[in-house]
Amino acid sequence: MNAFLSNLIPLIIAAVAAMIWLGLNALVWVYCERKFAGHIQRRPGPFEVGPHGVLQPLIDGLKLMGKQLLTPDNADAVLYWLAPLLSMLPVLLLFLPIPYGPVLIGMDVNLALLLILAFSSFNGLAVILAGWASNNKWGVLGAARAVSQTVAYEIPLLLTVLTVSFMTGSLSLLDITVQQGGHIGNWFIWKQPLAFIIFIIAMFGETNRAPFDLAEAESELTAGFHTEYSSMGFGLFFMAEYGYMVVMCSVCSVLFLGGFNGPFPGIEGWWWMLIKTYALLSLMVWARWTFPRVRFDQLLNINWKWLLPLATVNLLATALIMKL
Amino acid sequence: MSAYQNLEQMKGDFYTQKFEAGKQDGTLIINMGPQHPSTHGVLRIVIEVDGEYIVRAEPVLGYLHRMHEKMGETQTWGGFIPNMGRVDYGHAMAWNWAYVGAVEKLMGIEVPERAEYLRVIMTEFNRLTSHLLWWGAYILDLGAFTPIMYAFDDREMILDILQRPSASRLTYSNFRVGGLQMDFDDKCIELMKTFIPHFRARLPMYHDLVTENIILRRRVEDIGVIDQDMCRRYGCTGPVLRGAGVPYDVRKDEPYSIYDRFDFEIPTQDTCCSMGRYKVRLAEMEQSMRIIEQALEQLPSAEGGHIVDKAPKPAMKPPAGEAYFNVEGGRGKIGVYVVSDGGKVPYRIKLRAPGFSNLSAFAEAATGTLLADAVAILGSLDLIIPEIDR
Amino acid sequence: MGKFKENVIQPLIDCWSLIVGLKITGKYFCKPLVTVHYPRQVIDDENLETYGGHIELIGKPKDPATPKCISCMMCVTNCPSKCLSVVKSKPPKPTAEEEAAMKAAEEAGEKVKKPKAPKNPAKFTYDYSLCSLCGTCIDNCPAKSLKFSNDIYWVATSRKEMKIDLLARLKEQATELSAPVPKTEAASAAAEKEA
């Protein structure tokens, strides 16, 4: 009983901390995205609400909460409202195994990578439920596209992650970070540059971010799978998207950029992890506002004809070199 | 008593019912529009879609029909000019010119030389704004959100320049029968002279950011092939025709006004695809700048004022007869045909809109492509729906 | 080999265009803003001078509250949108002397001199919601009494408010013009220097 409690209480604290972290990130990154977009387009971005617009996402969230929760006619109400929840809840779980600092880790599991990959697939299920349950032709089309995209891009993700765990011999993220300790030359990006690039591209595809954002920011299919959602339903999808982005960027910084290690030994800390994660997030925002959208069949082509063979070759080469 | 007692009986409107008559198995019929982010205006396209591939497409027009031609029969000759600014807000001055040119032909008025130069300069600037708007909106449809902002940065400068002689920024109606409403002031000419080198320096950035971008190229190359034969059958003109390799431009082939005094080229592309039309329009922007430069140089030596002496009043009475005048607009060949019966109100005005012919090629060009390509093709045709519906 | 180059090497080389695109947007991220951040900044007067808003009357140089208009109705008849409406002034009632002179002229069989109506209009209303901003009225006014306003801050919150009474507006503008110009700091400093 005691052992159970002593395992449970830190977990609960970690889960609450994950919720707070998710909320904060959603707020910060909604603001940052709009500000970055503004300055890239040489206009101010949000400015009025709060000094320089910092309270804008908060007020947007309050506005979303205040709107009416509509369920469309002939929509399957249970599935319709299950979809945003299913999109949002796994994100909280995904934050737990990521080591944000030398001791700042929710739960140090041996199978952290497997956990993350497995639960991030829930997003695909949520999208299909949302599109199908909306009883809207455009929603179904959007959901069908999104699902094939998500399922496709998980595979190169998995292969690159496998490559790193081959090199380290562990699936635990804390282990991987520790093995990159010391100076900057130990980081895996130097040993696996191809895997890094593949991971970044697969990250864009997995989180439905531009230039791979056909499922949502459509100018072709109105709003795709979340056409019919209003108020907090949409808000939950929105927050979940930012949550997945942060998770993926954190995982990338752990796997390739050394996690909480600094460039020199002895100055590890959570701030390095934050800097790296946020740098990758800035890259995602930057790419969103620069590139046009890729067409759907080209999207799948990129995955099946380029990323998958490259990732496989990379994996085999790594395995070969490790053996020798 | 309504024929439809039951809502279920009313399965779609007239167009949908006719379209559904030819439906194949396993396909979905969707409506793109009339409220849609990518159709530039109120256009409805009924598409039969098999998975992602378009089997049949048919544009449905009329949502923006404002009876301009009927208004032509109730307005005075001079009072119809503001209408022409609203028919096509992209290249309003070309429509102004076409109408005013037709009336001048009817009345036998010769426009002073200076007014001709002013008209050329303003219309070419307007062509630049039209192409910049097209470029920004096209890339916006394809999913990139920043190039439209860069395009509008330059476009605002041109609008500030054109505001000086016309007091308008979009729906210009400053053409008069016999010349223009106002002359340029010195500040205006100075702004024009500084704008050209500034814009020339910006164009390479547009090419680097967008034209060379591999994602855009894959979206736009080889999409929506409209070859010469199709263009002839549908009557497409403008960049659609020039993108198919036919070097036809009204300014060179049926020169009007003083266009024969300028040295400029007709850009064409042989690829017949959306990328060809895209490149033609970007090259046209450079040619427009050449025309403006030459016109600005030749302007001080032009004789006359900005309007002919004893210009006709708005309630003028042209002699009975008919006249047709055509002009190269941003979208193609604009034609206005006027018939007069000697009264102060026209008997008939017929407007030939290039967008109407260009859009009719869409149905054939989009068959067999993906749904995402339909958007790319529509954008490359540069449609302004108000001119199609008039 | 050719196909390999075309299908594999060329796309990889083309991916450089993505980096070029990122460089361009990154460069513009660091550059200053080009939008005019209203209300902290406003558009400069030079641009505003040529702005064409609604129509306004021009006052006589010596009497700014009275328009130059001679009530000829050219603007009303030529307006394509039929948005102007002008009512001519009625002649004033004759004074006692004039009445006596009129009676005397009538009895003597001479031509009766009736008091003349002033040329300015009694009422000049303008429906901005119908105006198409074509400038036909301005062109055809023989007295050159109309111009475009460059007041970009004019707003109306109802259909009724868009029917502008141009005579009242002219009177307002005339009183503003005749009000003493407030001395700016520079002007008063210059005045002090001179003194």
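Visitor: Taking a salt bridge as a side-chain nitrogen of Lys or Arg within 4 Å of a carboxyl oxygen of Asp or Glu, which residue of chain B does A:Arg42 form one with?

Guide: A:Arg42 forms its salt bridge with B:Asp153, and the closest N and O atoms of the pair are 3.9 Å apart. This is a predicted model, in which local features need pLDDT of at least 70 and side-chain atom pairs count only at pLDDT 80 or more, while totals for chains, interfaces and linings use all residues. Residues are numbered from 1 along each chain as its sequence is written, chains are lettered from A and ligands numbered from 1 in the order in which they are written, and side-chain values use heavy atoms, with hydrogens and water left out.

Visitor: How many salt bridges are there between chain B and chain A, and how many residue pairs in polar contact?

Guide: There are two salt bridges between chain B and chain A, and seven residue pairs are in polar contact across that interface, both residues being at pLDDT 80 or more. A polar contact is a pair of N or O atoms within 3.5 Å; within protein, one must be able to donate a hydrogen and the other to accept it, and residues adjacent in sequence count only if both atoms are side-chain atoms.

Visitor: And which elements of chain B touch chain A there?

Guide: Those giving two or more residues are strand E1 (28-32) and helices H5 (113-141), H6 (147-166), H7 (186-211), H8 (214-220) and H15 (371-380) of chain B, where helices (H or I, at least four residues) and strands (E, at least two) are DSSP runs numbered from the N terminus. By class, this side of chain B has 18 nonpolar, seven polar and seven charged residues; Ala, Val, Leu, Ile, Met, Phe, Trp, Tyr, Cys and Pro count as nonpolar, Asp, Glu, Lys and Arg as charged, and the others, Gly among them, as polar.

Visitor: What area do they bury between them?

Guide: Chain B and chain A bury about 2500 Å², 61% of it on carbon and sulfur atoms, buried area being the accessible area (1.4 Å probe) that two parts lose on being put together, summed over both. On the side of chain B, B:Phe145, B:Ile215 and B:Arg219 lose the most area to chain A, together 21% of what that side buries.

Visitor: Which chain B residue meets C:Asp139 in a salt bridge?

Guide: The partner of C:Asp139 is B:Arg176, at 2.4 Å from N to O.

Visitor: Inside chain B, what does B:Arg114 pair with?

Guide: B:Arg114 forms a salt bridge with B:Asp183, the closest N and O atoms being 3.1 Å apart. The pair links distant parts of the chain, 69 residues apart, since B:Arg114 is in helix H5 and B:Asp183 is in the loop between strand E5 (179-180) and H7 of chain B.
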